[in-house]
Amino acid sequence: MLKPEREYVRKLVEENSRINARDFLDQRKIEIEKGIYKKAEGSALVKFGETVVAVGVKLSVEEPFPDAPNEGLLIVNAEFPPVASPEFEPGPPGEQAIELARVVDRGIRESGAIDFEKLCIKEGEKVWGVFVDIHVLNDDGNLIDASGIGAIAALLNAKFPKYDEEKNEIDYSQKLEPLPVRKIPIPFTFAKIGNKILLDPCKEEEEAMDARFTVTIVDNKICAMQKGHGGFFTEQEVKNMIKIALEKYEKVVGIVKA
């Protein structure tokens, strides 16, 4: 953002206004469409205003990690194609994509969203691997929340086949089973501009912000936090952001479950 545009956003915030006329603690409209990829085990398309993210879930039989021989695997990847934003460049994932994948991964993992023990086929030898692929289709800010919600929506949509241990192959003849998702983690991202805190920053607000804070909530508890973009938050500001996220959690969960 050019400096005059950045200063315009900051001036609006100083005057207790936002560029899209939302209240400081209002989220944009969240829309979710599940089952968009027919060849994926689970998928979801999430819209946060003009921000659009597609998430696909693929499952495959893998060897477990040595320190978790009876648990399935979780791998989260994020792709930022140039068509989604003029800031994105072709090539391997950049720092922003890596951070996004890590924040989403941490929210799923630390919340205990998936019962990984139920994804064990044969302890120490075979488990189901859950691969979550995030594709940014349009970046108008707050990719973390859109991607985190997209990921859990796609996981709730996912189903997997049985594995025939005698034949040592996947058995598609039996009824598909839902992925063992037992909790719904929801990330909430805030931007600090001057001395004001804004929930769900759009792209212009992100480019004008001094600091960013994400808290992931599950069952009305904190399961993960992430600070980014330099700057700082006071202890009271962090407490207030957590309180706001806790208050909004059930409403967003209702949207995800619908």
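Predicted model: local features only at pLDDT ≥ 70, side-chain atom pairs only at ≥ 80, totals over all residues.

Visitor: OK. How far apart are the end C-alpha atoms of α2, and what should the helix span?
Guide: The ends are 24 Å apart, C-alpha to C-alpha. With 17 residues at 1.5 Å a residue, α2 should span 24 Å, so the two agree.

Visitor: Which residues of α2 are buried?
Guide: The buried residues of α2 are A97, L100, A101, V103, V104, D105, G107, I108 and S111.

Visitor: Why would residues three or four places apart point the same way in a helix?
Guide: An α-helix has 3.6 residues a turn, so residues with that spacing point the same way.

Visitor: And what do the buried residues of α2 pack against?
Guide: They pack against the strands β4 (73-79), β6 (126-138), β13 (211-218) and β14 (221-228), and against α3 as well.

Visitor: Switching topic: holes! How many cavities of 30 Å³ or more are there?
Guide: The count comes to one. The largest cavity has a volume of about 70 Å³.

Visitor: What lines the largest cavity?
Guide: Its lining is made of V103, V104, G107, I108, I144, G148, P185, P187 and T216. α2 brings the largest share, four residues, and both α2 (95-111) and α3 (143-157) supply at least two.

Visitor: How many of those lining residues are nonpolar, polar or charged?
Guide: The cavity lining has six nonpolar residues, three polar and no charged.

Visitor: What about pockets? How much space is in the largest one?
Guide: About 380 Å³ lies in the largest pocket. Two or more lining residues come from each of α2, α3 and α4 (203-208), and α2 gives the most, with four.

Visitor: Which residues lie nearest the pocket's centre?
Guide: Q96, E99, M209, R212 and H229 do, out of 16 residues lining the largest pocket. By type, that pocket lining divides into seven charged, five nonpolar and four polar.

Visitor: Now for some strands. What do β11 and β12 form together?
Guide: They make a hairpin with two residues between the strands, and G194 in the turn has a positive phi of about 65°. The strands run antiparallel, and four bridges join β11 (residues 186-193) to β12. K192 stands opposite I197 in β12.

Visitor: Are the faces of β12 covered or open, then?
Guide: Both faces of β12 (residues 196-199) are covered. K196 and L198 on one side are buried, and so are I197 and L199 on the other.

Visitor: What does F24 touch, apart from its neighbours in sequence?
Guide: Leaving aside residues within four places, F24 is in contact with V13, N16, S17, R18, K196, I197, L198 and L199. F24 itself is found in the loop between α1 (3-14) and β1 (30-34). F24 and K196 are 172 residues apart in sequence, but 8.3 Å apart in space, C-alpha to C-alpha.

Visitor: Why does F24 count as buried?
Guide: Because its relative accessible area is 17%, and buried means under 20%.

Technical notes:
Residues numbered from 1 in each chain as written. Heavy atoms only, no water. Buried < 20%, exposed > 50% of the residue type's maximum accessible area, 1.4 Å probe, protein only. Pairing = 2+ DSSP bridges. 1 Å grid on protein atoms, 1.4 Å probe; cavity = no way out; pocket = protein on both sides within 12 Å on 5 of 7 lines; lining within 4 Å. Points joined across faces, edges and corners; volume = space filled by probe spheres on them. Nonpolar A, V, L, I, M, F, W, Y, C, P; charged D, E, K, R; others polar. Expected span 1.5 Å × (residues − 1). Contact = heavy atoms within 4.5 Å.
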